[in-house]
Amino acid sequence: MKVLLYTKDYDKVKQSGVGKAIDHQIKALETVGCDYTLDENDSYDLVHINTILPNSVTFADKAKKDGKKVIYHAHSTKEDFKDSFILSNQIAPAFKVWLTYCYNKGDLIITPSEYSKRILESYKLKKDIEVVSNGIDLDFWKQKENDRENFYNKYGLDKKKKTIISVGLPIKRKGIDDFIALAKRMPEYEFIWFGELNPSIIPPEINKDIDTAPANLHFPGYINSDDLREAYCGSDLYVFLTHEETEGIVLLEALACKADILIRDIEIFEDEYEDGVNIYKADGILDFEKKIRQILEGELKSLSEVAYKIAEEKSIENTGKKLVACYKKVMNL
């Protein structure tokens with residue numbers, strides 16, 4: 001059994017969660033010794049598609065015509081498309097129609113969480129849906145000596161202040177507006193948001209928030225994985241303010257780095273994440289502000305070692321094993 005990981009659209013998504021998922025799949029298949037190729041001109045038995053651009057759909061049709069099996073990876077939903085870009089809420093219903101069309105091209109659909117599976121089941125898709133975490137490379141995302149010193153020096157941070165970071169596209173769905181509000185309310189801390197997006201597709205109200213951000217909030221833009229690992233490990237708190245996710249790869253990265261973490265209390269995090277047990281949760285600006293202060297001032301104990309167990313369950317190796325099981329199911333092996 002030989003798998004084609006379709007990567008023709010990789011350059012368009014490489015800075016997104018979908019791009020990271022493709023990177024993880026490559027590493028996962030290598031880890032478990034699964035025969036794969038990235039060259040669509042190679043021989044293969046099934047194709048694994050992660051993107052929903054027209055090229056991907058066309059290739060899915062070609063593969064089926066050639067008698068190949070198709071696995072479609074459902075990273076996106078209508079729900080996590082909302083509150084993203086200009087007109088995203090108005091376009092969302094049509095986006096759902098397109099997603100349904102794309103995903104139904106698969107002989108099997110993979111999605112990264114039970115939560116996203118429940119959403120997709122409401123779309124009444126025609127194919128079976130399997131849950132496979134995007135996975136996390138535990139060997140890469142770990143602390144190293146001098147991470148804190150390097151992190152503070154790299155971004156010119158005040159070493160007398162503790163630092164709170166977040167990672168993602170600067171959009172409302174990711175909570176950029178709340179992050180800015182928190183920075184304004186807590187000038188005694190440094191705040192950094194990693195991630196960027198062309199301002200022309202960001203709603204005006206979010207651009208205005210960014211333009212009026214306080215001096216203790218920094219926007220370095222998109223950074224590579226090495227620098228991001230250093231940021232998780234060198235900062236004092238990772239805050240995940242997202243309103244909607246299908247899994248949240250950046251959260252897995254923070255877990256693997258054993259960072260202290262505060263997340264928004266939303267449905268996707270109900271099953272695996274328990275407030276005060278293996279992670280801390282908040283809901284609303286006042287609650288976030290309170291919990292941030294409690295964590296940074298030592299009023300709440302660190303849960304990083306307990307939370308790391310979640311990352312261990314979602315290791316690259318486990319993801320590779322589950323992907324191979326899905327491939328075999330499709331191939332009737």
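Guide: We may begin with the second largest pocket, which has a volume of about 330 Å³. Please note that the model is predicted.

Visitor: Which residues lie closest to the centre of that second largest pocket?

Guide: Pro-112, Ser-113, Glu-114, Glu-272 and Lys-314 are the closest to its centre, out of 22 residues that line the second largest pocket. Two elements give two or more residues to this lining, namely helix 6 (114-122) and helix 14 (316-331).

Visitor: How do the residues of that lining divide into nonpolar, polar and charged?

Guide: The lining of the second largest pocket divides into 9 charged, 8 nonpolar and 5 polar residues.

Visitor: And what volume does the largest pocket have?

Guide: The largest pocket has a volume of about 1300 Å³. It is lined by 44 residues, and the closest to its centre are Val-13, Ser-16, Gly-17, Val-18 and Leu-169.

Visitor: Which elements give two or more residues to the lining of the largest pocket?

Guide: They are helix 1 (10-13), helix 2 (17-32), helix 4 (78-81), helix 5 (88-103), helix 10 (225-234) and helix 11 (249-256). The largest share, 4 residues, comes from helix 2. By class, the lining of the largest pocket holds 18 nonpolar, 17 polar and 9 charged residues.

Visitor: Let us turn to cavities. How many of 30 Å³ or more does the structure hold?

Guide: The structure holds 2 cavities of 30 Å³ or more. The largest cavity has a volume of about 60 Å³, and the second largest cavity contains about 30 Å³ of space.

Visitor: How does one find such spaces at all?

Guide: A probe the size of a water molecule is rolled over the atoms, and this shows where empty space is left.

Visitor: Which residues line the largest cavity?

Guide: Its lining consists of Ala-259, Asp-260, Ile-261, Asn-278, Ile-279, Tyr-280, Ile-295, Lys-301, Ser-302, Leu-303, Ser-304 and Ala-307. In this lining, 7 residues are nonpolar, 3 are polar and 2 are charged.

Visitor: And what lines the second largest cavity?

Guide: The second largest cavity is lined by Ala-21, Gln-25, His-73, Val-132, Ser-133, Asn-134, Thr-319 and Leu-323. Helix 2 and helix 14 are the elements that give two or more residues to this lining. The lining has 5 polar and 3 nonpolar residues, and no charged ones.

Visitor: Now the charged contacts, please. How many salt bridges does the structure hold?

Guide: There are 27 salt bridges in the structure. In one of them, the side chains of Glu-253 and Lys-20 meet at 2.7 Å, N to O. Glu-253 belongs to helix 11 and Lys-20 to helix 2, so this pair ties together parts that are 233 residues apart in sequence.

Visitor: Are Glu-253 and Lys-20 buried or exposed?

Guide: Glu-253 is buried, and Lys-20 is buried as well.

Visitor: What does Asp-137 form with Lys-27?

Guide: Asp-137 forms a salt bridge with Lys-27, and their closest N and O atoms are 2.6 Å apart. Asp-137 is in the loop between strand 6 (129-131) and helix 7 (147-154), whereas Lys-27 is in helix 2; the pair links distant parts of the chain, 110 residues apart.

Visitor: Why is Asp-137 classed as buried?

Guide: Asp-137 is buried because its relative accessible area is 15%, and buried means under 20%. Lys-27, at 33% relative accessibility, counts as partly exposed.

Visitor: Where does Glu-245 lie, and where does Arg-173?

Guide: Glu-245 lies in the loop between strand 10 (237-240) and helix 11, and Arg-173 in the loop between strand 7 (163-167) and helix 8 (176-185), so the pair ties together parts 72 residues apart in sequence. The two form a salt bridge, with the closest N and O atoms 3.3 Å apart. Both Glu-245 and Arg-173 are buried.

Visitor: Which residues do salt bridges that share partners join into one network?

Guide: Arg-185, Glu-188, Glu-289 and Arg-293 are joined into one network in that way.

Visitor: One last topic, the surface. Which residues make the nonpolar patch of about 260 Å²?

Guide: That nonpolar surface patch is made by Ile-86, Leu-87 and Ile-91. Ile-91 is found in helix 5, and at 40% relative accessibility Ile-91 counts as partly exposed.

Notes. Residues numbered from 1 in each chain as written. Predicted model: local features only at pLDDT ≥ 70, side-chain atom pairs only at ≥ 80, totals over all residues. Heavy atoms only, no water. 1 Å grid on protein atoms, 1.4 Å probe; cavity = no way out; pocket = protein on both sides within 12 Å on 5 of 7 lines; lining within 4 Å. Points joined across faces, edges and corners; volume = space filled by probe spheres on them. Nonpolar A, V, L, I, M, F, W, Y, C, P; charged D, E, K, R; others polar. Patch = residues over 30% accessible without salt bridge, like charges linked within 9 Å, V, L, I, M, F, W, Y side chains within 5 Å. Areas by Shrake-Rupley, 256 points an atom, 1.4 Å probe, with all protein chains shown as cover. Salt bridge = Lys/Arg side-chain N within 4 Å of Asp/Glu carboxyl O. Buried < 20%, exposed > 50% of the residue type's maximum accessible area, 1.4 Å probe, protein only.
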